[in-house]
Amino acid sequence: MSAITESYIEIMNLVYAYPERIDAGDFAGVGELFADAVFETEGGQRLEGSKAVRENFEKWTRRYPDDGTPKTRHTIENPIVEIDEANGTAVVRYYVTVFQRTNDFPLQPVWANRYEDRFVRKDGRWRYVHRRGFGHMPGNTSAHLLHSPFQGR
């Protein structure tokens with residue numbers, strides 16, 4: 001397997017770990033992905049490191065008591081991956097759509113977003129260094145978020 005192929009798989013596994021952990025309600029695990037990174041929101045908020053990312057998800061995202069999850073499915077679409085093996089850097093741009101269903105909330109898309117993730121290879125492993133979320137298109141987030149990020153707008 002070529003270095004590019006191995007890097008591609010490792011990087012995309014990091015990208016895909018993010019929705020897997022959110023959908024499982026593992027906000028500590030989401031934070032771990034960004035241990036050495038900045039997570040930047042469209043509103044200009046900059047979360048730096050595991051603790052800040054975990055606390056942000058705990059503040060905003062509803063988890064249901066029966067299983068501890070937000071009852072969501074985050075899907076990633078149209079990833080564009082640019083890997084610079086020589087410099088040990090990579091960028092991945094993609095869309096995310098969040099679907100949700102609860103006992104009282106029929107299955108529907110509740111959020112669409114774009115991300116641009118930046119990675120560096122450190123000690124032979126790829127790691128997040130920066131995420132920028134933008135192009136937010138919220139739907140009905142009443143069953144998903146604890147607070148509306150768009151209150152007062």
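Reader: How many aromatic pairs does the count come to?

Author: This is a predicted model, and rings are taken as paired if their centres lie within 6.5 Å. By this rule, the number of aromatic pairs comes to eleven.

Reader: At what angle between the planes do Phe 27 and Phe 57 form their aromatic pair?

Author: The rings of Phe 27 and Phe 57 are 5.8 Å apart, centre to centre. Planes under 30 degrees apart count as stacked and those over 60 as edge-to-face, the rest being tilted. The pair of Phe 27 and Phe 57 is tilted, with an angle between the planes of 40 degrees.

Reader: Which parts does the pair of Phe 27 and Phe 57 tie together?

Author: The two residues are 30 apart in sequence. Phe 27 is buried at 0% relative accessibility, and Phe 57 is buried with a relative accessible area of 10%.

Reader: What is the centre-to-centre distance in the aromatic pair of Phe 119 and Tyr 128?

Author: Phe 119 is buried, with a relative accessible area of 1%, and Tyr 128 is buried with a value of 1%. Their rings form a tilted pair with 40 degrees between the planes. The centre-to-centre distance is 4.6 Å.

Reader: Over the face of which ring does Arg 131 lie at 4.0 Å from the ring centre?

Author: The charged end of Arg 131 sits over the ring of Tyr 115, 4.1 Å from its centre. Tyr 115 belongs to an aromatic cluster that also includes Tyr 18, Phe 34 and Tyr 94. The ring with Arg 131 over its face at 4.0 Å is that of Tyr 18.

Reader: Which element gives the most to the largest nonpolar core?

Author: The largest nonpolar core has 32 residues, and Val 15, Phe 39 and Phe 57 are among those with the most contacts inside it. Elements that give two or more residues to this core include α2 (27-33), α3 (49-60) and β5 (105-122). With seven residues, the element that gives the most is α1.

Reader: With which residues is Phe 57 in contact, leaving aside its neighbours within four places in sequence?

Author: Phe 57 is among the residues with the most contacts inside the largest nonpolar core. With neighbours within four places in sequence left aside, its contacts are Tyr 18, Ile 22, Phe 27, Val 30 and Phe 39.

Reader: Which strands stand at the edges of the open sheet?

Author: Six strands form the sheet in the order β2-β1-β6-β5-β4-β3, with mixed pairing. The twist averages 20 degrees from one strand to the next. Two strands have a single partner each, so one side of each is left without a neighbour in the sheet; these are β2 (46-48) and β3 (72-84).

Reader: Over how many bridges do β4 and β5 pair?

Author: Thr 89 stands opposite Val 120 in β5. The pairing of β4 and β5 is antiparallel, and the number of bridges is 13.

Reader: What angle does the direction of α1 make with that of β3?

Author: α1 packs on the sheet, where the strands touched are β1 (38-40), β3, β4, β5 and β6. Another helix, α3, lies across β1 and β2, running at about 125 degrees to β2. For α1 and β3, the angle is about 155 degrees.

Reader: Is Arg 132 buried, partly exposed or exposed?

Author: Arg 132 lies in strand β6 and is in contact with residues including Glu 40 and Glu 116. Buried means under 20% relative accessible area and exposed means over 50%. Because its relative accessible area is 30%, Arg 132 is partly exposed.

Key. Residues are numbered from 1 along each chain as its sequence is written. This is a predicted model: local features need pLDDT of at least 70, side-chain atom pairs count only at pLDDT 80 or more; totals for chains, interfaces and linings use all residues. Side-chain values use heavy atoms; hydrogens and water are left out. A nonpolar core is a set of buried Ala, Val, Leu, Ile, Met, Phe, Trp, Tyr and Cys residues joined through side-chain atoms within 4.5 Å. Buried means under 20% relative accessible area, exposed over 50%, partly exposed in between (1.4 Å probe, protein chains only). Helices (H or I, at least four residues) and strands (E, at least two) are DSSP runs, numbered from the N terminus. Contact means heavy atoms within 4.5 Å. Rings of Phe, Tyr and Trp (its six-membered ring) pair if their centres lie within 6.5 Å; planes under 30 degrees apart count as stacked, over 60 as edge-to-face and the rest as tilted. A charge sits over a ring if NZ of Lys or CZ of Arg is within 6 Å of the ring centre and within 35 degrees of the ring normal. Two strands pair if DSSP finds at least two bridges between them. Axes are lines fitted to C-alpha atoms, for helices over the stretch in contact, and angles run from 0 to 180 degrees between N-to-C directions.
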